[in-house]
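Subject: Structure for you to look at

Hi,

Here is the structure I promised to pass on.

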Amino acid sequence: MKVFKLIIRNAMRHRLRTFLTVLGLALAVMAFGLIRTLVDAWYAGARIAPPDRLVTRHAVSFTFTLPLAYLEQIQKIDGVSAVTPAVWFGGIYIDPKNFFGNFAVDPVTYLDMYKEIIVQPEELKEVLADRRGAIVGRRLADRFGWKVGDKVPLIGTIYPGNWEFTIRAIYHGRDKDTDETAFLFRFDYLDEVMRETAPGRAGQAGWFGVKINDANRAAEIGAAIDSRFKNSWAETKTETEKEFVLGFIQMADVLIAGLRIISYLIIGVILLVLVNTMVMTARERISENAFLRVLGFRNFHLIGLILGESLAMACAGGIAGMGLLAMTSRLVGQALSIYLPGYYVGLETYVIVVAAAVIVGCLASIFPIQRAVSIKIIDGLRVVD
Amino acid sequence: MIPLGYTIRNILKHKVTTTMTILGVSLVVFVFAAAQMLSYGLKSTLVSTGSDDNAIVIRKSSQSEVQSIILRDQGQIVGTSPEIARAADGSALYTNEIYVLINQPKRATGELANIVVRGVTPKSLELRPAVKLIAGRMWQDAGSEVIAGKSAAERYAGCGLGEKLRFGAREWTVVGVFDAQGSGFDSELWGDVVQIADVFRRPIYSSVTFRMADTTQFEAMKARLENDRRMEVDVFREKEYYAAQSRTLAGFIGIGGTIVSIIFSLGAIVGAMITMYASVANRVREIGTLRSLGFSRLAILISFLIEAMAISLTGGLLGIVGASFLGMLQVATTNWDTFSQIAFNFRLSTAIVIAAVVFALVMGLVGGFLPAVRAARLKIVDSLRAA
Amino acid sequence: MADIIVTARNLSKSYYRESLEIPVLHNINLDIPNGQFLALMGPSGSGKTTLLNLLAGIDQPTTGTLTVAGEEMSRLSDRELARWRARHIGFVFQFYNLMPVLTAYENVELPLLLTHLSKKERRQHVETALGIVGLSDRMRHYPRQLSGGQEQRVAIARAIVSDPTLILADEPTGDLDKQSAEEIMTLLSRLNAEFKKTIIMVTHDPRAAEKAGLVRHLDKGELDG
Ligand SMILES: Nc1ncnc2c1ncn2[C@@H]1O[C@H](COP(=O)(O)OP(=O)(O)OP(=O)(O)O)[C@@H](O)[C@H]1O
Ligand SMILES: [Mg+2]
């Protein structure tokens with residue numbers, strides 16, 4: 001098609017400007033994608049939680065613990081297939097900056113319920129043989145250069161004192177999204193120390209992981225658990241694992257909202273860059289477009305030319321941006337992997353980028369088209385510059 | 001030097017193009033300033049929560065009141081310290097408090113949020129003169145009445161004046177609302193320490209706060225208390241303690257905001273570059289003429305850099321003005337150091353304005369540099385021949 | 001100041017396009033005494049503008065030496081050349097080359113910004129220059145509010161305002177109607193006669209050339225006689 005050729009030739013008339021426009025669009029698209037992916041990754045924990053797992057915790061807030069004795073009572077409730085206790089330890093490794101999640105769990109029942117955490121059977125045996133044994137995630141081990149057999153000191157914040165654990169196992173995630181940054185150690189060890197030093201705090205679990213037979217009955221079973229402890233001095237709140245995780249994710253609600261807003265502002269920048277270039281183009285082409293009309297070209301021809309050029313640049317920017325995004329997101333994902341697993345660009349992000357490019361391409365051509373079409377031929381011909 | 005008027009009028013000549021560039025820069029600066037304002041707002045809210053005259057005692061290594069446990073007899077020991085100032089009636093000015101988080105739905109979304117219930121003593125109010133009841137009354141029946149900070153009353157279900165909420169297997173009525181001058185206390189519920197400890201079955205304190213008789217003696221007192229074998233505690237100046245409670249989130253927002261702004265700015269910088277290249281291209285002959293009049297390459301370079309920076313400065317100022325309107329906005333979120341909700345305002349400071357202006361100027365400089373170099377490198381003969 | 005303002009010896013200039021030599025000027029020898037009004041004539045493409053550019057120091061000869069206003073041009077660095085031009089050269093172009101965003105006054109003031117004159121002194125100079133060209137009443141006008149002849153008079157005012165040693169004019173009447181051209185030529189000869197300015201003017205117009213003290217012809221890059 002001749003028109004297509006003309007569009008490309010027009011776009012290539014100012015190579016540098018076209019290149020910069022595409023580059024500007026590409027960089028903005030990349031920034032948009034990186035930020036959106038960050039938001040997605042933040043929600044990864046909730047996204048992957050299977051529907052047949054519940055969490056039972058204290059109704060007042062997660063800072064309160066529940067009697068360990070609840071375990072057996074929950075176990076008895078109809079529809080519950082397994083229960084495992086866990087508690088947030090909140091220890092500090094040397095400096096608060098080295099933050100990572102560390103909690104006490106019952107290794108056997110815990111690993112049985114959370115199948116995405118994979119520990120070699122020989123290593124698990126070592127953990128069970130050592131009261132102070134710990135299981136750490138692969139990425140966490142990488143972050144601090146830990147190996148099996150290393151001793152790790154933690155300063156207790158909730159449970160006072162200096163604690164020392166020995167790494168007996170390193171776990172891998174089954175899925176891409178699995179968190180590989182946790183530090184798990186033996187619940188019975190923590191409980192034993194509490195019994196000796198602070199008997200009032202022994203026999204307490206932070207929460208119970210609950211596995212159910214039928215995911216469709218989650219709400220009903222949750223309600224059954226909670227009503228079992230209604231009016232006791234430690235009432236419970238049972239929710240799906242997804243809701244439980246979301247509760248923690250919501251702690252960053254302001255940041256997430258901020259990032260969302262910023263990602264829309266970036267689309268605004270993309271639009272500004274393209275409009276800028278298209279306005280320049282329109283100004284230069286006034287007399288030329290008038291001349292085309294003298295030759296007998298109609299308005300729709302001009303519209304096609306201008307819209308085509310705008311769309312061509314928008315799409316080139318979108319495609320180049322996706323390329324940049326694919327490359328940079330991998331680097332960012334690696335850099336963030338110790339804090340935030342699951343940083344990879346979802347298909348949805350690519351779709352949004354393409355849609356945004358097309359919309360922006362159309363919007364940016366409105367003003368130049370309006371200008372090219374509304375000017376009188378004789379006026380257009382007179383304009384030089 | 002090429003006169004500034006020449007530069008400015010050239011900027012004004014291409015209104016649409018210039019406007020687009022200014023808007024691009026202003027969006028970036030807006031984002032940058034907004035993030036810094038959020039970070040600074042959080043910091044100042046927490047800093048204003050503490051007072052210079054007070055000191056706070058929490059359990060060693062516990063980092064914050066949420067995790068701290070002070071046994072009751074340890075609390076008494078601290079209370080008998082000689083370094084504590086005396087009230088008019090001769091009693092020691094100290095308070096044992098308990099700090100509990102409860103889940104309460106947000107009015108706006110219905111999502112559960114962690115609200116602080118602080119069990120206090122009559123001395124608590126004396127130690128925090130900023131806290132004033134603005135509606136209702138103090139509790140009379142300590143076992144079923146509490147008062148709420150004004151942000152808490154506004155934002156969370158059951159926390160408004162006269163409303164009821166349930167915690168610790170009991171129903172409580174909010175009988176008063178207090179204003180704590182925008183400090184962290186505004187997001188809390190206050191009740192009687194004995195009753196709160198009782199309903200939660202926590203026969204302990206979370207912290208002890210006292211007025212120092214002599215603030216210069218702080219270090220000596222800190223050393224004495226921290227070395228006391230009967231308890232394992234950390235002692236902080238109250239102001240420093242609360243300032244530290246903003247560290248994680250404020251730092252994260254500040255640094256994260258800067259990184260995002262920089263990535264964000266790339267697109268706007270390229271936009272500025274396009275505008276400046278066009279500006280150079282439109283004026284090739286003028287550049288040749290100026291050079292033939294005797295203006296040096298450097299003068300041309302500077303003139304175009306100034307043009308770029310004037311555009312970006314305008315954008316920067318626009319962004320700052322836009323961001324300053326955020327000052328009217330209050331945000332409530334979870335403070336990562338305490339796991340509890342805190343309400344604070346976006347807050348502008350001179351330092352933020354300066355940083356934002358510098359950021360805008362740097363964007364102009366980076367975006368304008370290559371085009372300016374091109375202008376300066378034009379050969380006079382060639383540029384005079386240009387149409 | 002030396003009596004001879006321009007001395008060119010064996011001046012040659014070639015352009016190169018893709019390793020192809022395009023000779024433009026050959027062995028030009030030229031001496032121009034102070035106070036002369038020289039008209040350069042010649043067919044299009046004969047190298048007149050090129051020669052003027054060399055004299056103004058905005059282009060460099062391929063071979064030969066050129067001394068203008070006591071300076072051997074090849075010795076000057078780019079920066080020194082700029083300073084030298086500001087001091088010694090006043091340039092008048094065929095298409096005026098005024099800054100569209102500056103008023104007549106500001107356009108004329110431009111070269112003075114490179115001097116150390118105070119604002120007040122600058123105003124005196126600009127007003128004098130605009131007075132000489134007869135545009136005192138148009139100081140606040142922008143170029144597009146002036147006629148072609150008026151624009152060119154502003155350009156001449158700009159060329160003389162810093163009292164340069166040498167005024168170079170490239171077809172100053174080339175884009176003007178007869179009447180305006182007449183006015184410009186009268187102005188230039190007055191500058192020469194009354195203010196003793198040395199002027200080198202390129203022109204295609206024989207009637208313009210008449211006003212000059214001396215006419216020389218350039219043909220295919222060679223100067224007559
Ligand atoms: N930058 C350049 N590169 C290549 N060739 C050039 C360049 N500048 C000038 N020329 C060539 O040098 C020759 C002389 O040009 P010049 O502009 O000096 O002619 P002129 O005598 O001023 O002509 P006119 O009367 O048309 O203005 C021409 O053939 C022109 O094509
Ligand atoms: Mg010529």
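On the chain B side, B:Arg9, B:Leu293 and B:Val381 supply 29% of the area buried against chain C, more than any other three residues.

Before going on, a word on the ground rules. This is a predicted model, so local features need pLDDT of at least 70 and side-chain atom pairs count only at pLDDT 80 or more, while totals for chains, interfaces and linings use all residues. Residues are numbered from 1 along each chain as its sequence is written, chains are lettered from A and ligands numbered from 1 in the order in which they are written, and side-chain values use heavy atoms, with hydrogens and water left out.

Back to B and C. The contact (heavy atoms within 4.5 Å) takes 20 residues from chain B and 24 from chain C. Three salt bridges cross this interface; a salt bridge is a side-chain nitrogen of Lys or Arg within 4 Å of a carboxyl oxygen of Asp or Glu. B:Arg9 turns up again here, in a salt bridge with C:Glu106 (2.6 Å, N to O). Which elements of chain B give two or more residues to the side that touches chain C? They are α1 (4–13), α10 (284–293) and α13 (380–385), and α10(B) gives the largest share, seven residues. (Helices are DSSP runs of H or I, at least four residues, and strands are runs of E, at least two, numbered from the N terminus.)

As for the other chains, two pairs are in contact, and chains A and B share the most contacts. No contact joins chain A and chain C, whose closest C-alpha atoms lie 12 Å apart.

Now zoom in on chain A. Strand β1 (residues 53–58) has six of its six residues buried, so it is largely enclosed by the rest of the structure. Buried means under 20% relative accessible area, exposed over 50%, and partly exposed in between (1.4 Å probe, protein chains only). Five bridges join β1(A) to β11 (residues 207–212), running antiparallel, and A:Thr56 has A:Phe208 as its bridge partner there. Five bridges also join β1(A) to β12 (residues 236–240), again antiparallel, with A:His58 opposite A:Thr236. Two strands pair if DSSP finds at least two bridges between them. For a parallel example, look at β4 (residues 102–105) and β9 (residues 183–186) of chain A, joined by four bridges.

In chain A, A:Asp78 pairs with A:Arg217, their closest N and O atoms 3.1 Å apart. That pair links distant parts of the chain, 139 residues apart. A:Asp78 counts as exposed at 56% relative accessibility, whereas A:Arg217 is partly exposed at 23%.

In chain C, C:Arg153 forms a salt bridge with C:Glu183, the closest N and O atoms being 2.9 Å apart. C:Arg153 lies in α5 (residues 148–160) and C:Glu183 in α6 (residues 178–195), so the pair ties together parts that are 30 residues apart in sequence. C:Arg153 counts as buried at 16%, and C:Glu183 is partly exposed at 34%.

Cheers

How values were computed
Buried area is the accessible area (1.4 Å probe) that two parts lose on being put together, summed over both.
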